Amino acid sequence: FTIISDEVDDFVREIQIDPEATFFDFHEAILKSAGYTNDQMTSFFICDDDWEKEKEVTLEEMDDNPEMDSWVKETTISELVEDEKQKLLYVFDYMTERCFFIELSEIITGKNMTGAKCTKKSGEAPKQTVDFEEMAASGGSLDLDENFYGDQDFDMEDFDQEGFDIGGDTGSPYDEDKY
């Protein structure tokens, strides 16, 4: 698996892992390779080719319905990842939804291995957690651009001023003297 970050350009990790290992083993290998502590909520997301989330594999069991999520401690990698170029997201900072982008870059057959091994390590990992103010100040990916509330062709002139009581009309139906 090749792991990259959209926050740090030269951050790359490659992790080889036994397909019968669990997502928890993979989670621990990622934390170790990035130098992160194991005290945050994290999740894997199995993604389509456009990085759209399809299935979540959570660190903690979230739901009694087994069809909702998979749990990292019980789910083997081979259950959900079968093909080269399969994409995953690993959300390591749940509050700000910061994540690593992971791709299954190569399937090596005929090699017996147990657990996981980091085979390439370059660049410094992004900070494990940031707060909202820090993220906004650094121009982080909070996605609050002109499209955040919808259509970028929004025009104030399109609104009916009477409907919003902008004209200063004091005839509120809740005035006390009308009752």
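**Reading a helix, some rings and a strand**

Modeller: Let's start at one residue: just after helix α1, G35 takes a positive phi of about 75°. Helices (H or I, at least four residues) and strands (E, at least two) are DSSP runs, numbered from the N terminus. This is a predicted model, where local features need pLDDT of at least 70 and side-chain atom pairs count only at pLDDT 80 or more, while totals for chains, interfaces and linings use all residues. Residues are numbered from 1 along each chain as its sequence is written, and side-chain values use heavy atoms, leaving out hydrogens and water.

Biologist: How many residues does α1 have, and what is its reach from first C-alpha to last?

Modeller: The expected span is 1.5 Å times one less than the number of residues. Here α1 covers residues 23–34, twelve residues, and reaches 16 Å, close to the 16 Å expected.

Biologist: Which residues of α1 are buried?

Modeller: Buried means under 20% relative accessible area, exposed over 50%, and partly exposed in between (1.4 Å probe, protein chains only). Nine of the twelve α1 residues are buried, so the helix is largely enclosed by the rest of the structure. Among them are F23, F26 and L31.

Biologist: How many aromatic pairs does a search of the whole structure find?

Modeller: Rings of Phe, Tyr and Trp (its six-membered ring) pair if their centres lie within 6.5 Å; planes under 30 degrees apart count as stacked, over 60 as edge-to-face and the rest as tilted. The search finds ten pairs. Take W51 and F101: their ring centres are 5.0 Å apart and their planes at 90°, so this pair is edge-to-face. It links distant parts of the chain, 50 residues apart: W51 in the loop between β3 and β4, F101 in strand β7. W51 is partly exposed at 28% relative accessible area, whereas F101 is buried at 19%. The rings of Y90 and F100 have centres 6.5 Å apart and planes at 10°, so they are stacked. Y90 is buried at 0%, and F100 is buried at 0% too.

Biologist: Where does the charged end of K53 sit?

Modeller: A charge sits over a ring if NZ of Lys or CZ of Arg is within 6 Å of the ring centre and within 35 degrees of the ring normal. The charged end of K53 sits over the ring of F45, 4.4 Å from its centre.

Biologist: In which sense do β3 and β4 pair?

Modeller: Two strands pair if DSSP finds at least two bridges between them. β3 and β4 pair in the antiparallel sense over five bridges, with V57 in β4 as the partner of F44. β3 also pairs with β6, again antiparallel over five bridges; there, C47 is partnered by K87. Five of the five β3 residues are buried, so that strand is largely enclosed by the rest of the structure.
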